[in-house]
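Welcome! Have the sequence and the 3D view ready, and try each task before you read its solution.

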Amino acid sequence: MGTLRDLQYALQEKIEELRQRDALIDELELELDQKDELIQRLQNELDKYRSVIKPATQQVHKQNDLQEQQRTKRQAISAEPTAFDIQDLSHVTLPFYPKSQQSKELIKEAILDNDFMKNLELSQIQEIVDCMYPVEYGKDSCIIKEGDVGSLVYVMEDGKVEVTKESLKLCTMGPGKVFGELAILYNCTRTATVKTLTNVKLWAIDRQCFQTIMMRTGLIKHTEYMEFLKSVPSFHGLQEDILSKLADVLEEVSLTILFSQ
């Protein structure tokens with residue numbers, strides 16, 4: 001049997017161990033709270049992104065139902081609603097600006113590297129690449145001014161720019177970067193100022209052209225999904241508006257099936 005001193009020493013060790021565990025629990029709880037906040041912010045950004053990717057498909061069955069449109073969060077976030085018919089959009093001729101293969105690849109890679117645009121379909125990216133037109137600015141020029149209404153998104157091909165917010169420098173950007181995208185994605189004012197540090201060469205696309213691409217692709221997909229759902233025997237008894245809502249949330253999944261001999 002240990003002495004009283006030994007017992008007191010063992011008790012003190014246990015108390016210190018419990019204290020360290022309590023401190024660790026507090027740290028983990030704080031880290032968990034921070035991660036919960038991050039998840040919420042990312043969820044909000046995801047909601048915004050979804051509102052941009054499928055704005056047209058959501059408008060197909062909602063343009064005659066204003067109450068439901070107001071209740072839909074995605075519609076509240078996305079760009080200004082406009083009623084389009086697939087026949088109207090299918091006859092829209094988008095502008096085409098020739099460019100070298102190197103420029104095409106640079107624009108494509110810039111879009112795929114952008115957090116807000118990288119999940120666009122490849123067909124949409126290709127149309128954006130084709131529609132972008134060349135723009136040049138001299139040194140010390142202001143391309144974007146914080147607070148202004150913006151209607152263009154740019155891809156940098158040559159040169160360097162500085163990005164500031166409330167007169168504080170955020171970063172510098174060089175070739176292969178997209179900027180100004182938030183104004184055409186969410187119909188908001190410019191969130192930062194972009195000035196040239198050198199002569200720059202850019203490619204640009206305006207909001208109307210961008211939205212036409214998004215809506216046309218969305219409506220074509222919606223029509224294809226509707227035809228598919230109507231071909232499913234289990235859905236033959238469903239009303240048109242129900243099928244339309246199913247088409248809105250339908251997602252394509254690619255599966256690889258391996259056959260063994």
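This is a predicted model: local features need pLDDT of at least 70, side-chain atom pairs count only at pLDDT 80 or more; totals for chains, interfaces and linings use all residues.

Residues are numbered from 1 along each chain as its sequence is written, and side-chain values use heavy atoms, leaving out hydrogens and water.

**Exercise 1.** Find out where the predictor's confidence is lowest and highest among the elements.

*Solution.* Start with the average: pLDDT (the predictor's confidence in each residue, from 0 to 100) averages 79 over the protein, and 76% of the residues score at least 70. Finally, look at residues 52–84, where the pLDDT is below 50.

**Exercise 2.** Work out the strand order of the open sheet of 4 strands, and explain which strands stand at its edges.

*Solution.* First, helices (H or I, at least four residues) and strands (E, at least two) are DSSP runs, numbered from the N terminus; two strands pair if DSSP finds at least two bridges between them. The order is β1-β8-β3-β6, with antiparallel pairing. β1 (133–137) and β6 (178–179) have a single partner strand each, so one side of each lacks a neighbour in the sheet.

**Exercise 3.** Describe how β3 and β8 pair.

*Solution.* Locate β3 at residues 152–158 and β8 at residues 200–206; they are joined by 6 bridges in the antiparallel sense. Then pick out L152, which stands opposite D206 in β8.

Conventions: Contact means heavy atoms within 4.5 Å.
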